[in-house]
Amino acid sequence: MQPQDEPAGRDGSEPLENDLPDAAQEQLNRMRQAAQARGNQRVPAARRKTARKSAPFIPGEYTGRDPQGLGKVFSRFVNERGWNSPVAVGSVISRWEELVGPDVSAHCKPESFSDTTVQVRCDSTAWATQLRLLRSALIERFDAELGSGVVTRIEVIGPAAPNWRKGLRSVKGRGPRDTYG
């Protein structure tokens with residue numbers, strides 16, 4: 001006589017592994033039946049493989065699974081969100097010395113960047129004139145380094161003049177005299 005806790009095999013002998021109920025297979029069958037009841041259709045494996053093969057492989061294109069370099073991932077991230085121009089602004093200001101050279105950057109500093117115009121303040125009128133003469137060469141350099149159209153205009157501002165106004169109110173007049181007494 002056989003123990004009560006184990007079912008007998010097909011011929012009454014020892015139970016075989018194939019005769020035992022397969023919980024995973026039963027669960028899969030229940031899930032398939034539930035999907036069919038919802039109206040979902042099962043796609044045969046042969047059709048799934050042909051659908052996968054129909055998309056051509058393009059070298060260099062991100063497929064979603066291959067590891068990518070941080071630079072490529074960051075650039076795709078910036079492009080998807082439309083952040084190209086704010087990043088370009090940061091590049092102009094942060095890389096100013098590299099883009100214009102150490103001599104110019106020692107005397108001319110970028111103050112603001114709006115649309116495609118960079119406002120640059122120079123510490124003397126001589127450097128302001130020099131920067132005006134270099135303007136077209138600098139714009140070409142910006143196009144080569146940052147991309148075309150990031151900077152289209154450089155507005156040169158001379159050194160700041162001293163302000164003689166003191167207090168809340170001032171009187172219009174000739175300004176500072178040759179005597180301050």
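Two strands count as paired if DSSP finds at least two bridges between them. With that in hand, here are some close-up views of this predicted model.

**View 1. Three strands make an open sheet.** The strands follow the order E1-E2-E3, and their pairing is mixed. At the edges sit strand E1 (108-114) and strand E3 (153-157), each of which pairs on one side only. From one strand to the next, the twist averages 25°. As background, strands of a sheet pair through backbone hydrogen bonds, either parallel or antiparallel.

**View 2. Strand E2 meets strand E3.** Here you can follow strand E2 (residues 117-122), which runs parallel to E3 and is joined to E3 by five bridges. Look for Val118, which stands opposite Ile154 in E3.

View 3. Thr117 is a member of strand E2. Is Thr117 buried or exposed? Its relative accessible area is 15%, and buried means under 20%, so Thr117 counts as buried. Leaving aside residues up to four places away in sequence, Thr117 touches Ser112, Arg153 and Glu155.

**View 4. Helix H7 lies across the sheet strands.** Helix H7 (residues 125-146) lies across E1, E2 and E3, and runs at about 165° to E3. Just after H7 comes Gly147, with a positive phi of about 115°.

**View 5. Helix H7 has a set of buried residues.** Which residues of H7 are buried? They are Ala128, Leu131, Leu138, Ile139, Phe142 and Leu146. A handy thing to know while looking: an α-helix has 3.6 residues a turn, so residues three or four places apart point the same way.

View 6. In soluble globular proteins, nonpolar side chains tend to be buried together.

**View 7. Phe142 and its contacts.** Phe142 is one of the buried residues in H7. Setting aside residues up to four places away in sequence, Phe142 touches Trp96, Leu99, Val100, Gly147, Val151 and Ile154.

Definitions and conventions
Residues are numbered from 1 along each chain as its sequence is written. This is a predicted model: local features need pLDDT of at least 70, side-chain atom pairs count only at pLDDT 80 or more; totals for chains, interfaces and linings use all residues. Side-chain values use heavy atoms; hydrogens and water are left out. Helices (H or I, at least four residues) and strands (E, at least two) are DSSP runs, numbered from the N terminus. Axes are lines fitted to C-alpha atoms, for helices over the stretch in contact, and angles run from 0 to 180 degrees between N-to-C directions. Contact means heavy atoms within 4.5 Å. Buried means under 20% relative accessible area, exposed over 50%, partly exposed in between (1.4 Å probe, protein chains only).
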